[in-house]
Amino acid sequence: VRLVESGGGLVQAGGSLRLSCAASGSIFSINAMGWFRQAPGKQRELVAVITSGDSTDYADSVKGRFTISRDNAGNTVYLQMNSLKPEDTAVYYCNVNLDGGSGTFYIYWGQGTQVTVSS
């Protein structure tokens, strides 16, 4: 399974960016896809997640500013980031949770994309 992220970059505070993550390979059943981020010196944290049933959840720090969505095929996930703040600066990682059957699951990560918000 391969995850390819795109859309990161440098933006001024208050601006917007849209991240994309395309999953390919031996994908049988996706339980959920999500975005995490890791700032320097901090632990990786969940930003947003979307399930196969299109339920979504967000970190409190991004609620009302970020929107997670996916395409009709379900293999590409997007993160629309509006009203960006300097504290949103981090490496953003895409994550996919695949159903392995019999109650098992597999987690895959993308390579990460840098988002930098200047003040």
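I began with the largest nonpolar core, which has 30 residues; Met33, Trp35, Leu79, Met81 and Tyr92 touch the most other members. For my own record, a nonpolar core is a set of buried Ala, Val, Leu, Ile, Met, Phe, Trp, Tyr and Cys residues joined through side-chain atoms within 4.5 Å. Buried is under 20% relative accessible area, exposed is over 50%, and partly exposed falls in between (1.4 Å probe, protein chains only).

Strand β9 gives the most, with five residues. Strands here are DSSP runs of E, at least two residues, numbered from the N terminus. A general reminder to myself: in soluble globular proteins, nonpolar side chains tend to be buried together.

A note on sources: this is a predicted model, where local features need pLDDT of at least 70 and side-chain atom pairs count only at pLDDT 80 or more, while totals for chains, interfaces and linings use all residues. Residues are numbered from 1 along each chain as its sequence is written, and side-chain values use heavy atoms, with hydrogens and water left out.

Then I traced an open sheet of four strands, ordered β1-β3-β8-β7 with antiparallel pairing. Two strands pair if DSSP finds at least two bridges between them. Strands β1 (2-6) and β7 are at the edges with a single partner strand each, so one side of each has no neighbour in the sheet. From one strand to the next, the twist averages 15 degrees, taking axes as lines fitted to C-alpha atoms and angles from 0 to 180 degrees between N-to-C directions. Five bridges link the antiparallel β1 and β3, and I found Leu3 bridged to Ala23 in β3.

While in β3 (residues 17-24), I stopped at Ser20. Is Ser20 buried or exposed? Ser20 counts as buried because its relative accessibility is 17%. Beyond neighbours within four places in sequence, Ser20 is in contact with Val4, Glu5, Ser6, Trp35, Val77 and Tyr78; contact means heavy atoms within 4.5 Å.

Strand β2 (residues 9-12) runs parallel to β11, joined by four bridges, with Gly9 opposite Val115. Strand β9 (residues 90-101) pairs antiparallel with β11 over three bridges, and there I found Tyr92 bridged to Thr113.
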